Amino acid sequence: MTDTKFSKDHEWVRLDGGAAIVGITDHAQNALGDVVFVDLPEIGREVAVGEAIAVVESVKAASDVYAPLAGRVVEVNSALVDNPGLINSEPTAEGWFFKIEPNGPLPDDLMDEGEYAAFVETL
Amino acid sequence: MVPFAGYSMPVQYPAGIMAEHLHTRAAAGLFDVSHMGQAELVGEGAAAALERLTPADVQGLKPGRQRYGVLLNEQGGIIDDFMFANMGERLFLVVNASRKHVDLPLIESVLPRGVTLRPLADRALLALQGPGAVAALATILPDLAALKFMGVWEGQGMVISRSGYTGEDGVEISLPAEQAESFAKTLLGLPGVMPAGLGARDSLRLEAGLCLYGNDIDETTSPVEANLVWSIGKRRRMEWNFAGAETIRGQLDHGVSRLRVGIQPQGRQPARGHTPIQAGGLDIGEITSGGFGPSVNAPVAMGYVAREHAADGTPLELLVRGKGLAAHVAPLPFHPHRYAR
C-alpha cells in the first residue's frame, strides 16, 4: 500500500490509471461500526478538496465522507448499495466509495501510511 | 466510552451494536444502567403524595408490582418518565439519569410530614434482557422463574423487576454498588449472556416503540401527544387531581394537534432525530428518534406529526440532508413485545 495516501478525515486515496480511488480507512470503519447505508455522489460532479460528497450511515450515526482531492467523480462503487457491509469487511479494497479524475496534483498534505498511522496514534 | 448524563458509558462492546442488539433478541444482553436514578418513598401517604405529580394510579398498585408513569408539570408537559414499584412498606422509584436532579427535589417538595424520599445513590442497576434472560438468572436465583411481567422480587439486598427497555422479557436488578461488579461478572458467566452497550439499548427500545426522555418526550410534550394515555390511571381520569390535569383533560376531550407515531422510511436510508417531516410539501412534524433497526433489518423512526397525518399508512416525506425520503406512518412497536405476562 506504498502508493496509497491518507487524509486527516480518514479517507484513503490510491491512483489507478487516470483516476484516484477513494475509500475510508480501517480506523474509520471501526469507529463507525456496522454500516447500513451509503449515499454516493453523482457521476460527473465536480468536487473541491474537503467537500462533503458522500454520507455513510452506521447503526450508530451518519458521517460525511469528504473529497480528499479536487476533480470530477467518474465512478461510484454501486456494490455498496446492496452490500454496505463491504465498508466494514474490506474498507481498503472492495469497500471503496468513488473514483475521482484529478484536475491537478494530489494535495501535498495527504499522508503516507506511516504518517497516517502516527496521526491515528495521536487521536 | 462516551459521556452521557454526567457518566462515562459504553456505546458498544467489541461485538458491536448490531451483534449486541441481535444477541439480546435471541438470547440475553447485559446492560449496565447504573446511571439511572433510584430512590425510595417511605411513610403513610407516600402513594397519594406521588399522585400529585403523576396521573398514574400509584395507590392502586398492588404489593410486588411495578408500573410505568410520567411526572407532569402544571402545563401537562412531561418532566420525566419513570418506573415505580410497591415494595409493601415503601415505593421503589427508577428515574432517568438526566432528570434525577429535577425529579427528586420536585417529589421532595410535595411530600407531607411523615413521608420521606431516600435517594439511593449508592445502588447500581443491571438490566438482563432477552428471551434467555430469566432462565439464565433462575440458575442462580430460582425464585425468579415464577415472577411475572412487571412483578418485583426482593432478596439478598437486591430488588429485581421483570421489566426493561428492550421489548423483550428480562429483568432489571437494583443492588448495592459495591456488589455490582462481581454480580455482573457472575451474570456474564451464565449461558447465553453477552454484554451490551448504550447503542444496542437505543436501537432495541426504538424498535420496541419506547420513548427516550429528551428525544421523544420532554416538558413541551404531553402524555396525550406522546401516545402515553395508557399510563393515566382510570381513577385518575375521574379525579383530575394531578399536576397539569386541566390541560390533559382538555386534550382528551378535544384532541391534540400532533401525535407521536412510528415512521417507516422506505429503502435502507435511516432518518435521524430532528429530520423534518413533510406532507404535500408542507412541514407537518419532526422525527424525534430514528436509526437502523437490526431486527427489523430496515430503518425505523418515531416522531410527531400533525393529527390529520397520524393514521397508520399515511405517506410522509422526510427531508434528509435536503432530499426527500419517502416514508409512511407505521404501527408501534416495529418489533413485537415479548413480555412474560
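## About the model

Residues are numbered from 1 along each chain as its sequence is written, while chains are lettered from A and ligands numbered from 1 in the order in which they are written. Because the model is predicted, local features need pLDDT of at least 70 and side-chain atom pairs count only at pLDDT 80 or more, whereas totals for chains, interfaces and linings use all residues; side-chain values use heavy atoms, with hydrogens and water left out.

## A sheet in chain B

Let's start with an open sheet of 5 strands in chain B, where the order is β5-β6-β7-β4-β8 and the pairing is antiparallel. Strands (E, at least two residues) and helices (H or I, at least four residues) are DSSP runs, numbered from the N terminus, and two strands pair if DSSP finds at least two bridges between them. At the edges of this sheet stand β5 (66–72) and β8 (116–119) of chain B; each has a single partner strand, so one side of each is left without a neighbour in the sheet. On average, neighbouring strands here are turned by 30 degrees against each other, direction ignored. For such angles, axes are lines fitted to C-alpha atoms, for helices over the stretch in contact, and angles run from 0 to 180 degrees between N-to-C directions.

Now look inside the sheet. Strand β6 (residues 78–86) of chain B runs antiparallel to strand β7 (residues 90–95) of chain B, and 4 bridges join them. B:A85 has B:F92 in β7(B) as its bridge partner.

## A covered strand in chain A

In chain A, strand β6 (residues 52–58) is mostly covered, with 6 of its 7 residues buried. Buried means under 20% relative accessible area, exposed over 50%, and partly exposed in between (1.4 Å probe, protein chains only).

β6(A) is joined by 4 bridges to strand β4 (residues 35–39) of chain A, and the two run antiparallel. Here A:V35 stands opposite A:S58. Another 5 bridges join β6(A) to strand β7 (residues 62–66) of chain A, also antiparallel, and A:A54 is partnered by A:V65 in β7(A). β6(A) and β7(A) form a hairpin with 3 residues between them.

## A loop residue in chain B

Finally, find B:N215 in the loop between α6 (198–207) and α7 (236–239) of chain B. B:N215 counts as partly exposed because its relative accessibility is 36%.

Leaving out residues up to four places away in sequence, B:N215 touches B:T288 and B:S289, where contact means heavy atoms within 4.5 Å. B:N215 and B:G290 are 75 residues apart in sequence, and their C-alpha atoms are 10.0 Å apart in space.
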